[in-house]
Structure formats: C-alpha cells, structure tokens
Amino acid sequence: MTDGGLILGVNLQGFGQRPAAWRTQDVAGTDLVAPGFWEHIGRVAERGLLDMVFFADHPALADPNVRPLGLLEPFTALQTIAGVTEHLGLVGTASTTYNDPLELAERLLTLDTLSGGRLAWNAVTTYAPDVSANYGLTANPPRPERYARAGEFVDLVTALWRSAATGETVHHRGPVFELDARLEVPVSAQGHPVVFQAGGSPQGRDLAARIAEGVFAVELTPGPAREHARAVKDAAARYGRDPESVRIVPGLSLVLGSTEREAQDRYDALEALAPDGHALRSLGSHLDADLSVFSPDDRLPAEVIDHPIDPATYGPSLGYHETVTTWAREQTAAGATVRDLVRQFGGYGARIVVGTPEQAADTIEEWYRTGAADGFNLMIDEFPRGLETVADHLVPILQERGLFRRSYEEPTLRGRLRASVGAARSYRGRDTTERITA
Amino acid sequence: MSHALVAPSDRLLATVVTERGGAARLAGAVRDAGLDVVVVGADRFDPADHGGPRVDPSVVALELGRVAPELGVLVAVAPTRDHPYNTARRILSIDHLLGGRAGVLLGGPDRYTVPAASGTAWGSAPEDDRLLDEYAAVLRGLWSTWPVESIVADRETGVYAESGSIRRLDHEGSWRIAGALTSPTSPQGEPVLAVLSGLGPVPHADLVVDVLRVDDLDAIGRDGSDPRRTSRPNGPNESTTLRTRLGLAPRRLDLTDARPAFATTGGTR
C-alpha cells in the first residue's frame, strides 16, 4: 500500500509537552541549548519519515520552573537540525508584530536556500503582555490592528521573496509599511519558504484562506474540526485558490505506552510531578475564568463556561477560546467534574490520546479519513524519548494502514505538501471495506 | 588598538548556501591561511556597492561555525537592522550552538537596510551612530539577565532553575525593554561585542575591528595583513572560546542591583 498523504509534524516543546518531562528522563538542564540534543531529535524525526519539525515562539522569558522551553531562537535550532537531516521540513514561528519584514524575509530565504528548500514560516500575531514589554509597548496592539499589520506584513514578505527570483524591486505603499527593496538572496529549491498560519480567530482564518499553505489548528473534537477545516478551504476557494492547497494540521497530544494501563500510569506520574494547578490555570485562561474557586468535584456552571467575551479586548487566542468552550460545554453536560476536565485537558487545548500506539493510530485515522484533519502536529510527552516511540512504534502502524509514506519522495517541503493533496484524495476515495480487508 | 580581521565578501558568503560543501570550503580556506576568526556580512557596511548576491549574515555565520569547529565568527549587525531584543536572542543562541565561538560586529550604516521600512512596532529604528553604545549596552544587559549556573535541574525538588537570580533589564531609552532574555548566559560569559573602526566611541565594546575584505578564496590571508596570524602558534583549538582567541577575558554585566524577573526563587512545590 502506498502513501496515503497523511502529514505528520512534531511540535518541539522543550523536554516534552508534559511540564515535568525534564524530571523523568536522563537529561541535563542545559541540553536545551546544546546542539547535540536537537541533532538527535532531528535524526529521530527523519528516521520516522516525518514531514516536519515545528517550533512555536515566545520572545519573552516565562518562569522556566513552570515548563522550560524556548531557550534558543527557533530558526537557529532549526538550522542545527537542518545540518544533520536531508528531507525533514523545518517550520519556525516568527511574529508579524515584533519583526521587521525586510530582515525576516532575507534571513528566512537564506535558510530556505541553505536547507535545500525545506523551510516554512509560521506567521503569527502576538498577544502576550510580557512580549509587548520587551518591544517598548505598554499594552498589546488590539486584535484588528495586529491582523491588519499581519496581512500587510505577510504580503510584503512574500513579495520580497518573489523579488529574489524576478529581480524586480518591490515598491510597497501600505497603511503600515512603506518600502522600496528587493532581495538578492539566491532562490531556494522550493522558490521560497512555505507559509503556515496558526490562530483560529475570524481574521486569522481569513489570512489563512488568502495566503497560507498550511494551518496549525486547535481542535479537541472531530465535528468542529471538520467544520473549521471546511470553512477555511471554502474561503480559500473564494480567493480563487484550490481549496485543498491549504493543509489543515491540528495539534495532537500523545502519551503512549505498550498497554493502555501503562500509558495512563505514565500520564498520572508525569502530571503528579507537574507544577501545582498548571492544567487548571491553562484551562481557566482559555475559558477566561478563575477556576481555582471551584472544588475538584464541582461541575462548572454554564455561566462560567459560556460567559460572553469581547473579541476586541480579550487578549488570548480566540480560536483556543472557541474550541475549549465548546468542548467544556459538551463534557460538563455529559457529567464531567472539574477534576475530569483538568485531566482530559492534558493537551492544553489539543486533543490528547493517552494509550497505545494502536489507539493513537485509530484517532489519527478517524480524523484523517473524515476530513477533520490533513495531518497532525504531534505534541509529545517527552523529548527525546517519546519521539523515539512515535518513530519506532506509531509510524509503522500508520504505514501498515496505508496512511503514511514508506520513504521520502519529494525533495522539498512544498513539493511534499502539494503531493499530499492527491494522495489524500486517493486514500479518502478508497472503499472502506476494501481498505479494511486489504 | 584595533584588530584586523578577514571578512569574506557577500559573493563568497553566498556560496555557503548555494554550493554543497560551500561552508566547509570557505572555512577550509580560512583555516589554511592560519586564521581562526572571520567577520560575516561586513559588505553591508561598505560604502562601495559590490553588487551580486547577498545572504543573511547570522545564518551564514552559524553555518560556518557549525561545520568548522575551529572557527570563531563575528556577525555584522547594524542597529537599524533589527530590534535589540531580537538581535540579542539570535546572537546568544548562535553562541550557545557554537560553544562560545560567536559575537557581533556592530557597525553602520547598513546599505541593505532601507530606512523607509517603517512600521516596526517599536517605532522608527534610530539611525544615529551615537546610539551604537546604547544598542551595545542593551545587548550586554540582555545577555547577562539569566545566569546559566541558575539552571540546577534538581529532579528531586523540581527546581529547574533558581529563578530568583534571573534579572529584568528595565531599559529605558531609545528602546524600552523589560527583559529578561530567553537564553541563559553564554559559555564565554558574553558573546564578543566588537565595533567597526571609524565610528564613535562605544565604551561597551570589547574591541575595535578593521575588516579586510576578501573576494577570492585563494586571497584569504595572502597579504599577511592580519596581525593575529602569527600570534597563535599552536594552531586552531576547538575548545577555545572566541573571547580567548581575541585575547579577551570572560565578562558579564553586573545586574545584581536590577529587579528580579520572578517573585519566587525556584521550585514549584
């Protein structure tokens, strides 16, 4: 059976998504700035034939005792990984709020060319007050302003990338930027970096539909995930694009074990070592509510889950808020207590699978087959150990089921993402019974 | 006193990203000339327009240092190029990844930075050379905010870092920057902070540098004008930091009087 077109990335979150991952593995605290740590992760990801590794970004220091991560600027770590890999895609996040478009365009195209056409830029806007304080702002720019800037910023960066190929100077006159410039960076094997978008606000989804080739979505349940994916693809079609040219890649948290019991025990052990109240605070921030006033056996009142927010002034991600609110409403209606919610919120907004590789594959297959996702950005419990488990135990199952490649074919990341469109169509078009009996 | 250091042209630097083995070839030519430090990206400070391809200096510097463990790199940076928080973070990240073999060469004006690129969230980037020392001071301050020895990673107690020793910067000037930086301090204390010769006084700089532009692999070191060439008789040493190679003592900015970045001293339970 051939490649079914499933896209798999891995979200490199320090020592793992579990906050206590540094306490349960044989790692040194300073491994996060050591090239060997990242080189090993890159090699394992490529051994697992993954499409890409991904770094989020937060240009401000949060208390490292909560969860140590982000000790290196993302693109420098990606370049280190690029140096020991041949095929792996490299996705770095950079804010349109706190970068300069000319500097960013030149730097990213340089790295794209160096890596042989494997780079992608995840374009985000930034809402965090601690980041604003590092860039001379006392408050966050309001969302409409951030997204207006983001749209113009991304257009300008892509125009500059194209100027490297055409040799024609960009003459840009916009509300935010004025610029006459062209890049003279040698063009990369994929032309220029792929553009991803993350963020589920209406403005974010519109930006994705207009320009993104991939979307890092935040989804907890397949129904809404399918609706959101459809909405972005339909919107892309209205911009005159092939709707399938936008690949939808939600996060998926994994805590794997050789039996379900073992996975559950590992999860509980990791969470027992996590900072007190971490998941509760994370859930509360997405619901825009202080949950510490409830006892673990309480059920959340409807007015706490569903209180209205003002999109213009609510700081955090609207996409997360919508996804988490919908999920908390459903879970609570089904009888979940605060304790249940917190335990099932271990993905911090993403779907979590605590179980065997087969169970993870079941979730991946269901979401993929039904169009709730074109792939996943895996959020793995521990690095490097959990990634080794994924490469050696989950990937072979996905290959057996005809979902995932057995070798790299396309040399560039863009080529691979485009090839996934036809492969997915073919996979989803197959008769289900034939696939099961094959 | 100033140091004269070799600076490959943009055309040579571009071969690092376009040619397979390009970084090793360029680094090899530098090594064969008996040198162990290069400036990366100084063409942007050259009033003459040499034309041809150009690439991002920080990417090329990391690549050269990565493939050549015997090489130290100074990245050409103008204050107009990027916000100092971004610059501080990128340079310190590169320095960690190269085991303490990186630094910056501050200079300007940057012929590739277009002043009309307004719209930076932090306001118009200052363009005056007099602001070089403020930029230098901010880089140094940010580089010293998180002492690496605070990372104790004590699995028993759950203390990853003794966060009470992490300091804010609270810089107020042409830029307003809270800090701390996201990376802990460098293996060499701070990355090297050099300044291009002929610019105003920059008291925060470690040294002043004259660049020797070379546009031909065979020409590297041939004119013998790098005075350091004969001062390093034992050959390149991979474990030597850039500061040591340049005769600089390790240093950090003293931030003990600055405000703590976090209320607690570490530990989560």
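Over all chains of this predicted model, the count of salt bridges comes to 52.

The side chains of Arg210(A) and Asp155(A) form a salt bridge, with N and O 3.1 Å apart. This pair links distant parts of the chain: Arg210(A) belongs to helix H6 (residues 202–211) of chain A and Asp155(A) to helix H5 (residues 143–166) of chain A, 55 residues apart. Arg210(A) is partly exposed, at a relative accessible area of 27%. Asp155(A) also counts as partly exposed, at 29% relative accessibility.

A second salt bridge in chain A joins Arg266(A) to Glu382(A), and its closest N and O atoms are 3.1 Å apart. Arg266(A) lies in helix H8 (residues 260–273) of chain A, while Glu382(A) sits in the loop between strand S12 (375–380) and helix H14 (385–400) of chain A, so the pair ties together parts that are 116 residues apart in sequence. With a relative accessible area of 2%, Glu382(A) is buried, whereas Arg266(A) counts as partly exposed at 22%.

In chain B, Asp43(B) and Arg213(B) form a salt bridge in which the closest N and O atoms are 2.7 Å apart. Here too the pair links distant parts of the chain, 170 residues apart: Asp43(B) is in the loop between strand S2 (37–40) and H3 of chain B, and Arg213(B) is in strand S10 (residues 207–214) of chain B. Asp43(B) counts as buried at 6% relative accessibility, but Arg213(B) is partly exposed at 31%. Elsewhere, salt bridges that share partners join residues of both chains into one network, made up of Glu106(A), Glu184(A), Arg44(B), Arg54(B), Asp56(B), Arg81(B) and Asp110(B).

Between chain B and chain A the count is eight salt bridges. One salt bridge between the chains is formed by Arg89(B) and Asp57(A), with the closest N and O atoms 3.0 Å apart. There are also 27 residue pairs in polar contact between chain B and chain A, counted where both residues have a pLDDT of 80 or more. On the side of chain B that touches chain A, at least two residues each come from helix H1 (10–18), helix H3 (57–67), helix H4 (84–97), strand S5 (151–154), strand S6 (159–161) and strand S8 (176–177) of chain B. H4(B) supplies the largest share of that side, eight residues. Sorted by class, the side of chain B that touches chain A holds 30 nonpolar, 20 polar and 15 charged residues.

The contact involves 65 residues of chain B and 67 residues of chain A. Together the two chains bury about 5,500 Å² between them, and 55% of this is on carbon and sulfur atoms. Within chain B, the residues that lose the most area to chain A are Arg54(B), Arg155(B) and Tyr160(B), together 14% of what that side buries.

A cis peptide bond, with omega about -5°, joins Gly108(B) and Pro109(B). Pro109(B) is in the loop between strand S4 (102–106) and helix H5 (132–143) of chain B. Another cis peptide bond runs from Gly179(B) to Ala180(B), with omega near 5°, and Ala180(B) lies in the loop between S8 and strand S9 (192–196) of chain B.

Two residues other than glycine have a positive phi. Ala153(B) has a phi of about 45°; this residue is in strand S5 of chain B and is buried, at a relative accessible area of 19%. Asp288(A) has a phi near 60° and is in the loop between helix H9 (278–287) and helix H10 (302–305) of chain A. Leaving aside residues up to four places away in sequence, Ala360(A) touches Leu254(A), Leu256(A), Val353(A) and Leu394(A).

As for confidence, the model scores ipTM 0.94 and pTM 0.94. Chain B averages a pLDDT of 88, and 85% of the residues score at least 70. Over residues 229–234 of chain B, pLDDT stays under 50. Where pLDDT is low, the predicted coordinates should not be read in detail.

Notes. Residues are numbered from 1 along each chain as its sequence is written. Chains are lettered from A and ligands numbered from 1 in the order in which they are written. Side-chain values use heavy atoms; hydrogens and water are left out. pLDDT is the predictor's confidence in each residue, from 0 to 100. Contact means heavy atoms within 4.5 Å. Buried area is the accessible area (1.4 Å probe) that two parts lose on being put together, summed over both. A salt bridge is a side-chain nitrogen of Lys or Arg within 4 Å of a carboxyl oxygen of Asp or Glu. A polar contact is a pair of N or O atoms within 3.5 Å; within protein, one must be able to donate a hydrogen and the other to accept it, and residues adjacent in sequence count only if both atoms are side-chain atoms. Helices (H or I, at least four residues) and strands (E, at least two) are DSSP runs, numbered from the N terminus. Ala, Val, Leu, Ile, Met, Phe, Trp, Tyr, Cys and Pro count as nonpolar, Asp, Glu, Lys and Arg as charged, and the others, Gly among them, as polar. Buried means under 20% relative accessible area, exposed over 50%, partly exposed in between (1.4 Å probe, protein chains only).
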